Amino acid sequence: ETAERNFEGDFNLTAPGWQLGKGGEVQIPVACGEAVDLAALQATFRFDPEKMNFLGATAAGLEGLGAENFGEPASGHLTFSWHQADGQPLEAGTTLFYLQFQLLENTSVAEAMTLNSLFTPAIAYKNGGIPLNVRWRIHDAPPVPVDAASFFTLEQNRPNPFSHETS
C-alpha cells in the first residue's frame, strides 16, 4: 500500500527535444523549469535500451551531486536521488546534470526517454519540506553545433579605438 501525497505544485525537469543520430554519443542536459529553493529530488528515468546505451552522468548545477546519486536497477532504467539539507536556490533553466548516452539507433529525446516512479518515486521537495510533483518536459531547442565556427564570423572593428586607421 502506498501513501498518498499531497503535492503543493509541480517541479518540471526539462530536456531539449533533439533528434539523435545513430553511432554517436550525446550529453543530454536536464534542467529545472522554474526557479525554486530545492532541498531534494528523485525519480526514475526510462530510456529505450535498443536505441541508447547509458554511459554516465555529469554534475552541473546541483551541489554535492556525484555518480553515487545515480543507479541502473534494470536495463533501460536510471534512478536518481539527491538532497541538500539546507536547500539550494536554483534559477529557472539551470542545468542540473547531463546524461550521457551512446546512440544505437536514430531517435529523439522525446521518443527515447520518459520519467516515472517505477523504482524511485518522482518527487521533489522545496526547502522547508514542501512536496512537489516531478514532471518531464521536452522543449524545442536547436541541435548542438558540431562546428561552432560556422555560426560565428570575425568582422573588422570600425572605428578602431586604438588607431584612426584599420587594415
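**Notebook: contacts, strands and rings**

I started at Phe11 and, leaving aside neighbours within four places in sequence, found it in contact with Cys32, Glu34, Val36, Leu38, Leu41, Leu96, Ala124, Leu132, Asn133, Val134 and Arg135. Contact here means heavy atoms within 4.5 Å.

Notes on the source. The model is predicted, so I kept local features to pLDDT of at least 70 and side-chain atom pairs to pLDDT 80 or more, while totals for chains, interfaces and linings use all residues. Residues are numbered from 1 along each chain as its sequence is written, and side-chain values use heavy atoms, with hydrogens and water left out.

**Core.** I then looked up the largest nonpolar core, which has 38 residues; Phe11, Leu13, Leu41, Phe45, Phe97, Leu99 and Met113 touch the most other members. S4 gives the largest share of this core, six residues. Such a core is a set of buried Ala, Val, Leu, Ile, Met, Phe, Trp, Tyr and Cys residues joined through side-chain atoms within 4.5 Å. I took buried as under 20% relative accessible area, exposed as over 50% and partly exposed as in between, with a 1.4 Å probe and protein chains only. In soluble globular proteins, nonpolar side chains tend to be buried together.

**Whole chain.** Of the 167 residues, 36% are buried. Among contacts between residues at least 6 apart in sequence, 79% join residues at least 24 apart.

**Strands.** I checked S11 (residues 123-126) and found that it pairs antiparallel with S4 (residues 36-47) over four bridges. Pairing requires at least two DSSP bridges between the strands. Ile123 of S11 is the bridge partner of Gln42. S11 also runs antiparallel to S12 (residues 130-139), again with four bridges, and Ala124 stands opposite Leu132 in S12. The S11 and S12 hairpin has three residues between its strands, and Gly128 there takes a positive phi near 100°.

**Salt bridges.** I required a side-chain nitrogen of Lys or Arg within 4 Å of a carboxyl oxygen of Asp or Glu, and the count came to two. Arg135 and Asp10 meet at 3.2 Å, N to O. Arg135 is in S12 and Asp10 in S1 (residues 10-16), 125 residues apart. Both are partly exposed: Arg135 has a relative accessible area of 33% and Asp10 38%. Glu111 and Lys51 form a salt bridge with closest N and O atoms 4.0 Å apart. Glu111 lies in helix H1 (residues 109-112) and Lys51 in the loop between S4 and S5 (52-59), so this pair ties together parts 60 residues apart in sequence. Glu111 is exposed at 55%, whereas Lys51 is partly exposed at 24%.

**Rings.** I searched for rings of Phe, Tyr and Trp (its six-membered ring) with centres within 6.5 Å; planes under 30 degrees apart count as stacked, over 60 as edge-to-face and the rest as tilted. The search finds eight aromatic pairs. Phe47 and Phe101 are edge-to-face because their planes lie at 65°, with centres 5.2 Å apart. Phe47 is buried at 3% and Phe101 at 0%. Phe54 and Phe101 also have planes at 65°, with centres 5.6 Å apart, so that pair is edge-to-face. Phe54 sits in S5 and Phe101 in S8, 47 residues apart. I also noted a cluster of Phe45, Phe70, Phe80, Phe97 and Trp136, linked by ring pairs.

Terms used: Helices (H or I, at least four residues) and strands (E, at least two) are DSSP runs, numbered from the N terminus.
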